[in-house]
Amino acid sequence: MLLSELYLEKYRNYQVAQLEFENGLNFLVGNNAQGKTNLLEAIFYLCHLSSPRTGEDSDLVLFGCDEACIRGTVKRQIGEYELKVRIPVKGRKKAEVDGFLQTKMSDFQGYLNCVYFSPDDLKLVKGGPSERRRFMDLELSQVNPYYRHALSQYNKVLQQRNNLLKEMRIDLDLLDVFNEQLVETGTVVIERRRNMLLRLNLLAKLLQRKLTELKENLSLEYLPSFEIENDVKEDFRKALEKSYEDERQRGYTLIGPHRDDFSMLIDDLDVRVFGSQGQQRTVVLALKLAELEFLRGEAGEYPVLLLDDVFSEIDDIRRRKLFDIVRQNNVQTFISTANPRDLEDIVGDQRKVFEICEGKVGVR
Ligand SMILES: Nc1ncnc2c1ncn2[C@@H]1O[C@H](COP(=O)(O)OP(=O)(O)OP(=O)(O)O)[C@@H](O)[C@H]1O
Ligand SMILES: [Mg+2]
C-alpha cells in the first residue's frame, strides 16, 4: 500500500503542509525539534486514530488553535481512499473516508496499515507486559475488525465486572452475566493473539537469524494468565471460578487477556533478563520486521513502515539488512533522521528527501 499524499493543518508545529511521497524511501531530514517525529506521528494517527506518544488528542493541535486536520491519500490494490481526521481541542474528533463521516471510529481503521519503529520501542523488550499487550492489540486491531470489536467489548465488561467486585454485596446473577461476556469476548482476544504469536514466532525466528548471520535463535511464546489445556473458553470459565475468592478480596479481575504477556527467548534464555543491549535492540528490529510480514499476510499487501530516528539504534550491517528487506519487498518507508550523513550510502532512484525546518517542508 502507498500513502501518496499527506496534508496537515494546524497540526503540532505545522501551520499548513502538503507532501507528496514516493513509493520507495522517503527521508525526513532536519535538526532536532523541527517536526520530523510529528510528521510520522500524523501518519500513525491516520492508521490508528491515536498517537504513539500521547494519550491526549488535544496535544496534536497547534498551540493557540481550535482544531487540527490530518488528511492522507492511500493507494491500495483494491482502490484509492481519502482519509481525513479533524481533531478539536475540545470535543470529539471526526473521521471521514472519501468524504463520508464514520459514526464508529473503529470503521476508520484498516484503510491504512503501518509499522512504527522508534528508539522508544526498546520498551517492548525491557518494559512490563502491558507494552507487549499494546503491541499485540495495535497489530491485530489494524487488520481485524472482529478483534477490535471483541477487545473493546472485553474492556467494557472487565470494567463493569471490576466495579461489581468492589461492591459490599455482590449480585451473583449479574456476576454470572459478566462472567459469560468476559469469557466470550476474552476467548476471541486470546485465540487471535495466540495465533498471531505462532506466526510471529516463525517470522521473527527467521529474521533474527538473518540479522545475526545465523547466530541467534529467537523464539516467542504467548503466555496466558491461566493454564490452557485444550479449550480456551472452558479453561477460562474454570479459572474464573477458581479465582473468585481472591478477586473478591482484591476487588478486581485477576485473570484474562488483560493480564497476558509473551516471552522472548534467545537460545532458551530470556532476552529481557539475559540479553545484551545489542541483542535486545536486534530483537526489537526482528519483531518489527516480523510485524511487517504479519500485516502483509493479513491485509494482502505491505503496510507502510515508519522509522523514527532508529539509525542511532542499529549498526551499519543491520541497517543495510533492513534496507535490503524493505527494498526487495518494495515497502514504502518513511525515515526520520537529524544526521544527513545517514543518507550518504543509500543510493537508488526510488527515494525522496524532505527537509523539515520549524514545521515547514522543503523537497531537496
Ligand atoms: N501542539 C503543538 N503546537 C506547536 N508546536 C508543538 C506542538 N506539539 C509539539 N510541538 C513542537 O514540535 C517540535 C518538534 O517536535 P518533533 O518531535 O517532531 O521534533 P523532531 O524533528 O522529531 O526532533 P528530534 O530530532 O529531536 O527527534 C517541538 O519543539 C515541540 O515543541
Ligand atoms: Mg524526533
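How many bridges join strand S14 (residues 351-357) to strand S15 (residues 360-363)? In this predicted model, the number is four. The two strands run antiparallel. Within the pair, Ile 356 has Val 361 of S15 as its bridge partner. S14 and S15 form a hairpin, with two residues between the strands. There, Glu 358 takes a positive phi near 45°.

Three strands take part, in the order S9-S10-S11, and their pairing is antiparallel. S9 and strand S11 (269-270) stand at the edges. Each has a single partner strand, so one side of each is left without a neighbour in the sheet. Strand S10 (residues 261-266) pairs with S11 over two bridges, in the antiparallel sense. Leu 265 stands opposite Asp 270 of S11. In a regular strand, side chains alternate between the two faces of the sheet.

Is Pro 224 buried, partly exposed or exposed? Its relative accessible area is 30%. Buried means under 20% and exposed means over 50%, with partly exposed in between. Pro 224 is therefore partly exposed. In sequence, Pro 224 and Gly 256 are 32 residues apart. In space, the C-alpha atoms of Pro 224 and Gly 256 are 7.5 Å apart.

The chain as a whole can now be described. Its secondary structure comes to nine helices and 15 strands. The radius of gyration is 22 Å, close to the 21 Å that the globule rule gives for 364 residues, so the chain is as compact as a globular protein of that length. Along the principal axes, the C-alpha atoms fill a box of roughly 65 × 55 × 35 Å.

Of the 364 residues, 52% count as buried. Contacts were also sorted by separation in sequence. Among those between residues at least 6 apart, 70% join residues at least 24 apart.

The accessible surface of the chain comes to about 17500 Å². Carbon and sulfur atoms account for 46% of this surface. The chain has 53 positive and 60 negative side chains. The centres of these two sets lie 2 Å apart.

Conventions:
Residues numbered from 1 in each chain as written. Chains lettered and ligands numbered in written order. Predicted model: local features only at pLDDT ≥ 70, side-chain atom pairs only at ≥ 80, totals over all residues. Heavy atoms only, no water. Rg over C-alpha atoms; globule rule 2.2 N^0.38 Å. Buried < 20%, exposed > 50% of the residue type's maximum accessible area, 1.4 Å probe, protein only. Contact = heavy atoms within 4.5 Å. Areas by Shrake-Rupley, 256 points an atom, 1.4 Å probe, with all protein chains shown as cover. Lys, Arg positive; Asp, Glu negative; His and termini not counted. Charge placed at Lys NZ, Arg CZ, Asp CG, Glu CD. Pairing = 2+ DSSP bridges.
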